[in-house]
Amino acid sequence: MIFLSMEVEVLKDEIKYEEYVKDKSFFHSLKYRDSIINSFGFEPIYLVAKTKNKIDGVLPLFICNKKLISLPFSTEGGIITNSDDAREHLISEALKIVKDK
């Protein structure tokens, strides 16, 4: 039995990210990220869970007034994922960020 190792990283490949979220949610798009940065100056931290360079899930976050939130001023937010494993990894990484801030 082969187990694939999953890693979570801060967004690096914007093209693959956009392909992953394009039919799922406008609020997860990088256009929305850029509008939040330009309008409010919030710091984005976009987490990406990957297995063998394939995106399995994403969690867009922003630091807003010393709080970590997903997608401010949107009607949707949180994790988009293909698997429970990716969801757990993304949540774990977000909790590490909270503890470090």
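1. Helices (H or I, at least four residues) and strands (E, at least two) are taken as DSSP runs and numbered from the N terminus. Just after helix α2, Gly-41 takes a positive phi of about 75 degrees. The model is predicted, and local features need pLDDT of at least 70, side-chain atom pairs count only at pLDDT 80 or more, and totals for chains, interfaces and linings use all residues. Residues are numbered from 1 along each chain as its sequence is written, and side-chain values use heavy atoms, with hydrogens and water left out.

2. The buried residues of α2 are Leu-30, Tyr-32, Arg-33 and Ile-36, where buried means under 20% relative accessible area, exposed over 50% and partly exposed in between (1.4 Å probe, protein chains only). Seen down the helix axis, the buried residues of α2 fall within an arc of 160 degrees, so they line one face of the helix; the arc is that of the directions from the helix axis to the C-beta atoms. These buried residues pack against α1, β2 and β3. Lys-31, Asn-38 and Ser-39 are exposed on the face of α2 turned away from its buried side.

3. With β1 (residues 6–10), β2 pairs in the antiparallel sense over five bridges; two strands pair if DSSP finds at least two bridges between them. Val-8 has Ala-49 of β2 as its bridge partner. The pairing of β2 with β3 (residues 54–64) is likewise antiparallel, over nine bridges, and there Leu-47 is bridged to Leu-59 of β3. β2 and β3 form a hairpin with two residues between them, and Lys-52 in the turn has a positive phi of about 50 degrees. Seven of the nine residues of β2 are buried.

4. The largest nonpolar core has 17 residues, and Tyr-17, Tyr-46, Val-58 and Phe-62 have the most contacts inside it. Such a core is a set of buried Ala, Val, Leu, Ile, Met, Phe, Trp, Tyr and Cys residues joined through side-chain atoms within 4.5 Å. The elements α1 (14–21), α2, β2 and β3 each give two or more residues to this core, and the largest share, four residues, comes from β3. Apart from this core lies another of eleven residues, including Met-6, Leu-47, Ala-49 and Ile-97.

5. Beyond its neighbours within four places in sequence, Val-58 is in contact with residues that include Tyr-17, Val-21, Leu-47, Ile-80 and Leu-90; contact means heavy atoms within 4.5 Å.

6. The structure holds eight aromatic pairs. Rings of Phe, Tyr and Trp (its six-membered ring) pair if their centres lie within 6.5 Å, with planes under 30 degrees apart counted as stacked, over 60 as edge-to-face and the rest as tilted. The rings of Phe-42 and Phe-73 are stacked because their centres are 6.3 Å apart and their planes at 15 degrees. This pair links distant parts of the chain, 31 residues apart: Phe-42 is in the loop between α2 (30–40) and β2 (43–51), and Phe-73 in the loop between β4 (67–69) and β5 (80–81). Phe-42 counts as buried at 13% relative accessibility, whereas Phe-73 counts as exposed at 58%. Ring pairs also link Tyr-17, Tyr-46 and Phe-62 into a cluster.

7. The charged end of Lys-24 sits over the ring of Tyr-20, 4.3 Å from its centre; the criterion is NZ of Lys or CZ of Arg within 6 Å of the ring centre and within 35 degrees of the ring normal.
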